[in-house]
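I set out to record what I looked up in this structure, entry by entry. The sequence and model come first, and my notes follow.

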Amino acid sequence: MLVLHRLPRYAHFMVRFTVLASGSKGNCTVITGGKTRILIDAGLSCRELFRRMRQADEDPATLDAIIITHEHSDHVAGLAVTARKLGIPVYFTEGTHRAWVRWLSPRKQMTYTQWIEQCRKQAAARMAESDAATCEECDADDPEAAAELPESAAAKKPEKDPTWLPSVQFFQAGKPLQIGDISVSPFTIPHDAADPVGFVFQAEGVRMAVATDLGYIPPNVKAQFKGVDLLLLESNHDLEMLRDGPYPWSVKQRVLSRVGHLSNEAASTYLESEYDGQAAYIILGHLSESNNLPELARIAAERALNGRASLLANRLLLAAQHEPMSTICF
Ligand SMILES: [Zn+2]
Ligand SMILES: [Zn+2]
């Protein structure tokens with residue numbers, strides 16, 4: 001069950017979208033719709049994530065849930081600590097959850113079924129325990145934020161198990177779900193992870209699509225982008241910079257592959273030839289620091305959009321790795 005926070009300070013903007021970080025060193029976005037606030041990915045340390053939220057005038061204590069695109073570390077590095085600290089549920093696909101568990105417990109000789117069983121037993125044991133304790137891991141991390149914790153977060157002590165989360169909720173690509181006031185449509189993206197997804201979020205009639213970490217844009221993803229008001233799209237690398245850049249050939253091949261990352265060229269080809277022009281905001285994201293320059297990504301997209309006179313109202317923005325973007329309000 002979600003406990004929805006009252007948000008008088010945000011009431012004048014019913015829908016808000018803030019990219020806290022985007023790129024291979026960490027990805028994290030906050031979305032607010034009605035009274036619900038969701039964190040998309042937690043690829044920064046909890047401490048850094050909270051710092052950036054405050055910097056962007058977003059209050060970490062009001063988050064209701066975390067939803068994960070895939071298990072790569074730039075999307076989940078701070079997940080466990082953040083979820084425990086806030087005492088909020090984490091939404092995964094089952095495949096992503098399974099891969100995340102394996103990633104955190106590589107030496108465990110345990111099948112996934114055994115692990116789920118162990119979790120059930122641990123949950124039952126915790127229910128039986130009456131003494132409450134705080135999360136010492138988080139308190140040590142950031143004492144100031146610990147003081148702002150909702151009561152629910154302080155009620156349970158995580159086991160030593162690094163995969164322990166306050167609550168895990170599964171969803172499937174292609175099956176819409178509701179998180180409080182926000183409707184979420186998860187869709188499959190082509191990327192070298194267990195079960196990677198992008199999302200369309202809808203709240204108060206505003207549709208926002210998030211699709212980074214994809215090797216190309218297949219028809220199912222293009223269909224999801226139709227009629228969105230905001231599109232956060234990957235523009236990872238400049239093809240020439242990647243080819244001539246510092247990565248070993250095997251990594252270059254991985255990035256360029258159909259399950260790698262979207263180039264500036266691929267993003268702009270989509271914008272030029274198939275994008276329907278409906279979005280008030282197009283945000284280019286997940287820019288590589290080694291194989292791209294913000295100006296190259298911007299110029300490629302601008303060229304693509306400028307050819308289309310009907311798109312003058314579209315605003316083109318770039319998401320950054322090291323600082324939050326200004327909040328977009330609808
Ligand atoms: Zn990524
Ligand atoms: Zn990835």
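**Entry 1: the metal site**

I looked up the site of the zinc ion (ligand 1) and found it irregular, with angles of 94 to 162° among its four donor atoms. Donors are N, O and S atoms within 2.8 Å of the metal (3.2 Å for Na, K and Ca), and water is not among the atoms, so sites may look incomplete. Four donors count as tetrahedral if all angles lie between 85 and 135 degrees; four count as square planar and six as octahedral if opposite donors are over 155 degrees apart and all others between 65 and 115; anything else is irregular.

I note that the model is predicted: local features need pLDDT of at least 70 and side-chain atom pairs pLDDT 80 or more, whereas totals for chains, interfaces and linings use all residues. Residues are numbered from 1 along each chain as its sequence is written, chains are lettered from A and ligands numbered from 1 in the order in which they are written, and side-chain values use heavy atoms, without hydrogens and water.

Which residues coordinate the zinc ion (ligand 1)? I listed D74 (OD), H75 (NE2), D213 (OD) and H286 (NE2), at 2.1 to 2.2 Å. D213 also bridges to the zinc ion (ligand 2), and the two ions lie 3.5 Å apart. H75 lies in helix α2 (residues 73-76) and H286 in the loop between β12 (281-285) and α13 (294-306), so this pair ties together parts that are 211 residues apart in sequence. For helices (H or I, at least four residues) and strands (E, at least two) I used DSSP runs, numbered from the N terminus.

Are H75 and H286 buried or exposed? H75 is buried, with a relative accessible area of 1%, and H286 is buried at 2%. Buried means under 20% relative accessible area, exposed over 50%, and partly exposed in between (1.4 Å probe, protein chains only).

**Entry 2: the sheet**

I traced an open sheet of seven strands in the order β6-β5-β4-β3-β2-β1-β14, with mixed pairing. Two strands pair if DSSP finds at least two bridges between them. The edge strands, β6 (168-170) and β14 (328-329), each pair on one side only. Strands β2 (residues 28-33) and β3 (residues 36-40) are antiparallel and share five bridges.

**Entry 3: a buried helix face**

I then listed the buried residues of α4, namely T96, H97, A99, W100 and V101. These residues pack against α2, α3 (79-86), β5, α5 (112-128) and β6, where contact means heavy atoms within 4.5 Å.
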